[in-house]
Amino acid sequence: MSPVLEAESISVLLGSKTLLDHINLSFTPGEAVALVGPNGAGKSTLLRVLAGELKPRFGCVRLDGQELVSYSPQRLAEHRAVLSQQVNIVFPFTVADVVRMGAGQQRAEKTEAVVEATLTELDLLDLAGHAITTLSGGERQRAHFARVLVQLACGQSLGGLGILLLDEPTNSLDLRHQLGMLEILRRRATQGALVIAVFHDLNLASVFATRIVVLDHGRIDCDGRPDETITDRMLKRVFGIEMAASKATASTAPFVLPQTMTAAKRFST
Amino acid sequence: MTARNAPFEVTARHSLPRRGMSSSAVMVLMVGTLIIAGVISMSIGAAGIPPGRLFAALFSAGGDGTLTARDHLILFSIRLPRVAMASMVGALLAAAGAIMQGLFRNPLADPGLVGVSAGAGLAAAAMIVFGDRALQSSVMGWPFLLPVAAFFGALATTAALYRIATWQGRTSIAIMLLAGLALGALAGAGTGLLVFLADDRQLRDITFWMLGSIAGATWPKIFAIAPFLAGLLLSTSFVGRGLDLLVLGESEAFHMGIAVERLKRFLIVLVAAAAGAAVSVSGVVGFVGIVVPHLLRLVIGPSHAWLLPASACCGALLLLVADTVARTIAAPAELPIGIVTAVVGAPFFLFLLLKQRSPLAL
């Protein structure tokens, strides 16, 4: 299958610091990709470049074969939706208002069913009429997730490619909603969307992803299936910890438990 | 890939809550109230015109009977311009406040409070002093020059404020308020300097207008700011969705398809046009831009498509009432309208500030 999103030798510099160093990646529809790595590895920066929000100093990003810079914001919004790490709203928009914002300028009768289905899917129907300013962090995160899913669905109904980019989407969610969100993301991927998400928690990444890209100091350390990437050697090389990556059975995703840590030599830089 | 185009197969069973439903009703109610308030305001004053005579005077050509002729004169040269200008200035200020609050993503932005009006005032004062000399005649006789000068003053201040307070797409409320204070002080110092340079007649023009008053309402001034108000009202229908999305943050607005830089530039021009036009005819009248949008958000919700026209309407009503109070409460003397709006607005602003005192807000 041909790639929908390609990063060709992108570099991002901030002052004299290299945030991303000649990154080459390509993604095909249906992939569930986790970006992992230590703090400051460039995960969020890479996501912002892929979203078209940050222009790389060198290299280019192609969406469906065309350079990202040639897309208007409106056309880009029909192709990809982005969930940022933290969104603060000071005005009392209701949850339903916020989720509807994802629908863009399409007619309400076409999108209202999508809005309602998404609210239901995310367990938000009871909160729909509440002001988002009164909700807890996790509830707010779910509301924004719903907004992004509505944008994805509405973009696809216009023939967009369906790319979902998320920066630590499971932040401030409880365990049940974390797993629920991963389930929804996996479902979107099997329906043909490309889902790329930044994760801090390697276990959540491993449950979610069909492919994990490990970043370290702005470079790709390794890239592959969870059982190829979440390994003892990667943990030592990238995170600087001596820990065993385990598997429950041969066919399930690998997991890491801090309890198995033998000795901490140095913590991430 | 096959299911890509049909991710959802659900139809709406029950409609979701939509607070915006009552917006149109609120709008109609406010327009009605504005008209009634306008009629009442026209009939009261130093020379009372009872409603019965009011309509006779309004619709006669001014010929039949001395009483009607006198009423006609008072209405058309004093009351009507005053009512119209109070409403227009109120509309401009409230809409400018609502747009600024969306642009700066917080409910404490107001052209009077963060130095935009002061910047407009400086430019207008400069026009009075220097333009006067250059044109060899009183600038007050050139009513179109003042709004234009005030617009550029407001534009410079708003743009500077935005550059200072916004960093990487996020706006700091604390920096915005403090920078606004500094810019306002700077503009105030500039205006003070101009007062020194001004001759007596120019000084009268400057002081009159620094006090903040609707008392100088004349038809030429009304015609001078009318295009600004018309432009503002027309633009509100285009910027509503963009402002809603901008409230989530600049990155989010971009992710959702807004050309953020273009929108921001346009909003800054709108704010400057509205605040500049208002300041050029009435001086600095504070707090209208804070009180009105906040109250309306409680009633019709924060969605800007309705909030902006509703703010204009409610601001018109508020300033009309305030001006009527200002000119009748101590008749035949007149209170400066700035006192009336400050007495209502300043405690309200403090209340908002206290309500915002959470770590999230600042």
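This is a short tour of a predicted model, stop by stop, with what to select at each one.

Before you click anything: residues count from 1 along each chain as its sequence is written, while chains are lettered from A and ligands numbered from 1 in the order in which they are written. Since this is a predicted model, local features need pLDDT of at least 70 and side-chain atom pairs count only at pLDDT 80 or more, whereas totals for chains, interfaces and linings use all residues.

**Stop 1: chain B as a whole**

Helices here are DSSP runs of H or I with at least four residues, strands are E runs of at least two, and both are numbered from the N terminus. Of the 362 residues of chain B, 49% count as buried. Buried means 20 or more other C-beta atoms within 10 Å of a residue's own, exposed means 12 or fewer, and partly exposed is in between, with C-beta atoms placed from the backbone. Take the contacts in chain B between residues at least 6 apart in sequence: 78% of them join residues at least 24 apart. A contact needs two C-beta atoms, placed from the backbone, within 7 Å.

**Stop 2: two helices in chain B**

Now select residues 23–43 (helix 1) and 304–328 (helix 12) of chain B; they pack at an angle of about 25°, with axes 10 Å apart. Axes are lines fitted to C-alpha atoms, for helices over the stretch in contact, and angles run from 0 to 180 degrees between N-to-C directions. Helix 1 and helix 12 of chain B are therefore roughly parallel, the label for angles under 35 degrees. Show side chains for the contact: helix 1 of chain B brings residues including V26(B), M30(B) and L34(B), and helix 12 of chain B brings, among them, W306(B), C313(B) and L317(B). By class, this contact has 15 nonpolar, five polar and no charged residues. Nonpolar covers Ala, Val, Leu, Ile, Met, Phe, Trp, Tyr, Cys and Pro; charged covers Asp, Glu, Lys and Arg; the others, Gly among them, are polar.

**Stop 3: where B meets A**

Bring chain A back: 34 residues of chain B are in contact with 39 residues of chain A. On the chain B side, look at helix 9 of chain B, which gives the largest share, four residues. That side of chain B splits into 19 nonpolar, eight polar and seven charged residues.

**Stop 4: the sheet in chain A**

Select the open sheet of chain A, six strands in the order 6-7-8-3-9-10 with mixed pairing. Strands pair if DSSP finds at least two bridges between them. At the edges sit strand 6 (80–83) and strand 10 (219–224) of chain A, and the twist averages 15° from one strand to the next. Inside, strand 3 (32–36) and strand 8 (194–198) of chain A pair in the parallel sense over four bridges; L35(A) has V198(A) as its bridge partner.

**Stop 5**

Most residues other than glycine have a negative phi. Zoom to H22(A), in strand 2 (17–27) of chain A: its phi is positive, about 45°. Then hop to D64(A), in the loop between strand 4 (58–63) and strand 5 (66–67) of chain A, with phi near 55°. With 15 C-beta neighbours inside 10 Å, D64(A) is partly exposed.

Technical notes:
Angles under 35 degrees count as roughly parallel, over 145 as roughly antiparallel, 65 to 115 as roughly perpendicular and the rest as oblique.
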